[in-house]
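Please find below a briefing on the structure shown here. It is arranged by topic and is meant to be read beside the coordinates.

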Amino acid sequence: MADLRTPLHAWHVAHKARMVAFGGWDMPVQYVGIIEEHKAVRGGAGLFDIGHMARLSFTGPDALAFLESVFTNSVASMKVGQVRYGLILNDRGGILDDILVYRFRDHFEAVVNAGNREKILDWLKQHLGELDCNIVDHTFETVMIAIQGPQSVAMVDGLFADDVSKLKYYFATQTTWSGHAVTVSRTGYTGEDGFEIVIPNALGVPMWETLIAKGAVPCGLGSRDTLRLEAAMPLYGHELSEQIDPIQAKLEWAVKMDKGDFLGRAALLNRLPALPDRVGLLLEGKRAAREGSMLFAEGSAVGIVTSGSYVPHLQQSIAMGYLPKNFSPVGTELLVDLRGTKVPATVVWLPFYTRSKN
Amino acid sequence: MTNPTDLKYAQSHEWVKLAGDIATIGVTKFAVEQLTEPTFLELAKLGKSVKVADEIGVIESVKSTSSIYSPIPGDVIEVNKAALENLALVNDDPFGAGWLLKLKVNPDVSLDHLLDATQYDAQIAGH
């Protein structure tokens, strides 16, 4: 399965990363430790190889119309350079993937989850119809590196031909590094300020080592997971699936029902109102809930945990899961079954963690 | 590998050191490294009688939850309170200050079903 490797793979192995299979790729889960790497991102800057994420481009006269027809968020209202989060839905309104769309002057790009790359490529090509839009997968030509944390902006300052420190959150620019074309966006998946850099394969290691020399700490997918959990960002395959719709997942803000028709819209208009909702849970004590842990109320199982951990920054045991509406209000008290032990938990507001903005 | 030769090992990565009728039990360095830094530890109550492979504790890290199983039969007579209060002991010194429990055992208890250090080294080789 995990036979795909990013251009940084040899670096990870040489630096004693523990490698795991993720979405078909062999990726680092940690170098020194998840807790230390997590804290580096909250307090300084961490560096992530996210080359496994799929990178697609959309060119041609109908690129905008096509993306508008398959993406839940509004594309036409995006400014040049803007990045927008949204979903690709199936006919039943279920989530096929959550993606980022980038608008550039003459084309669009998208970043898609690694494990969904082939499924989404097939889906997009199937629904292209008569539209004149060319979809190209660039995943294997480039590497994608994320630098995340409050010190990120200082570390990328002066690095590129353009001043990326002026980029607004969720904006991107095509610039150069040592004369080579790179795309830099002010985006991330950690709940911190930061940048994501797409760069040709051959420049992956030099860019990575340049950022380490500036003080960024190499981080694996382990801390990426605990960071996104604290920030309550959903992860495909956990909080999101083809059986979950965006309203259940509390992602209604990324679905623009008024923009016109798009795939899945009709199903959302006709959906049952009483489906379970994504919730945040705070557990008593330090034991962690895990994916699949059952949630009990009034003596019966009423819901299920989709992600959970004892998280390093908040130093609490937190989880996300799905609960029916009568148990989803904030303040509802439940029990989580942790391998036979029932631990009290309370429904709390999401996100668990919000960075302080200057 | 650095598995002490004076200990016996279970395939489930616990170690045991027998001295008379007292057996000290912990988890191996390999187990701690696989688990990554412990965030939670729970140990069996004093007085609990256990058989081989009964659960005598739970250890968790950010990423995973693992049961700790008794390598031998006995009665729990002591738990390592220092380790419960400071999980770094288990992380940093699993064969020493990070021991977990002591069992009172039958002095004739057999350790034949357990691995010696060489056999345990072989089990974990290649990871």
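This is a predicted model: local features need pLDDT of at least 70, side-chain atom pairs count only at pLDDT 80 or more; totals for chains, interfaces and linings use all residues.

What radius of gyration would a compact globule of 127 residues have, and what does chain B have? The rule for a compact globule gives a radius near 14 Å, and chain B has 13 Å, which agrees.

**Chain B overall**

- Along the principal axes, the C-alpha atoms of chain B fill a box of roughly 35 × 30 × 20 Å.
- Of the 127 residues in chain B, 42% are buried.
- Among contacts in chain B with a separation of 6 or more, 60% are between residues 24 or more positions apart.
- Chain B contains four helices and nine strands, and their pattern along the sequence is β-β-β-α-β-β-β-β-β-α-α-β-α.

**A sheet in chain B**

- Three strands of chain B form an open sheet in the order E4-E6-E7, with antiparallel pairing.
- Strand E4 (38–43) and strand E7 (65–69) of chain B are the edge strands, each pairing on one side only.
- On average, and with direction ignored, neighbouring strands of this sheet are turned by 20° against each other.
- Strand E6 (residues 55–61) of chain B runs antiparallel to E7(B), and five bridges join the two.
- Within this pair, Gly57(B) stands opposite Ile68(B) of E7(B).

**Helix H3 of chain A**

- Helix H3 (residues 63–70) of chain A has as its buried residues Ala63(A), Phe66(A), Leu67(A) and Val70(A).
- Viewed down the axis of H3(A), these buried residues fall within an arc of 95°, so they line one face of the helix.
- They pack against strands E4 (54–59), E5 (83–89), E6 (95–103) and E7 (108–112) and against helix H4 (117–126), elements of chain A.

**Helix H6 of chain A**

- Gly204(A), Met207(A), Trp208(A) and Leu211(A) are buried in helix H6 (residues 204–213) of chain A.
- Because they cover an arc of only 100° around the axis, they lie on the same side of H6(A).
- The elements of chain A that cover the buried residues of H6(A) include helices H1 (9–14) and H5 (152–156), together with strands E3 (46–49), E9 (142–148), E10 (172–177) and E12 (194–200).
- After H6(A) comes Gly215(A), which has a positive phi near 110°.

**Paired strands in chain A**

- Strand E15 (residues 294–297) of chain A pairs with E16(A) in the antiparallel sense over four bridges, and Leu295(A) stands opposite Gly303(A) in E16(A).
- The hairpin of E15(A) and E16(A) has two residues between the strands, and Glu298(A) takes a positive phi near 50° there.
- E15(A) also runs antiparallel to strand E18 (residues 333–338) of chain A, joined by two bridges.
- Phe296(A) stands opposite Leu335(A) in E18(A).

**The contact between the chains**

- Chain A gives 14 residues to the contact, and chain B gives eight residues.
- On the side of chain A that touches chain B, helix H2 (34–43), helix H7 (221–230) and strand E16 (300–311) of chain A each supply at least two residues.
- By type, the residues on that side of chain A are five nonpolar, five polar and four charged.

Conventions
Residues are numbered from 1 along each chain as its sequence is written. Chains are lettered from A and ligands numbered from 1 in the order in which they are written. Two residues are in contact if their C-beta atoms, placed from the backbone, lie within 7 Å. Ala, Val, Leu, Ile, Met, Phe, Trp, Tyr, Cys and Pro count as nonpolar, Asp, Glu, Lys and Arg as charged, and the others, Gly among them, as polar. Two strands pair if DSSP finds at least two bridges between them. A residue is buried if 20 or more other C-beta atoms lie within 10 Å of its own, exposed if 12 or fewer, and partly exposed in between; C-beta atoms are placed from the backbone. The arc is that of the directions from the helix axis to the C-beta atoms. Axes are lines fitted to C-alpha atoms, for helices over the stretch in contact, and angles run from 0 to 180 degrees between N-to-C directions. The radius of gyration is taken over C-alpha atoms; the globule rule is 2.2 Å times the number of residues to the power 0.38.
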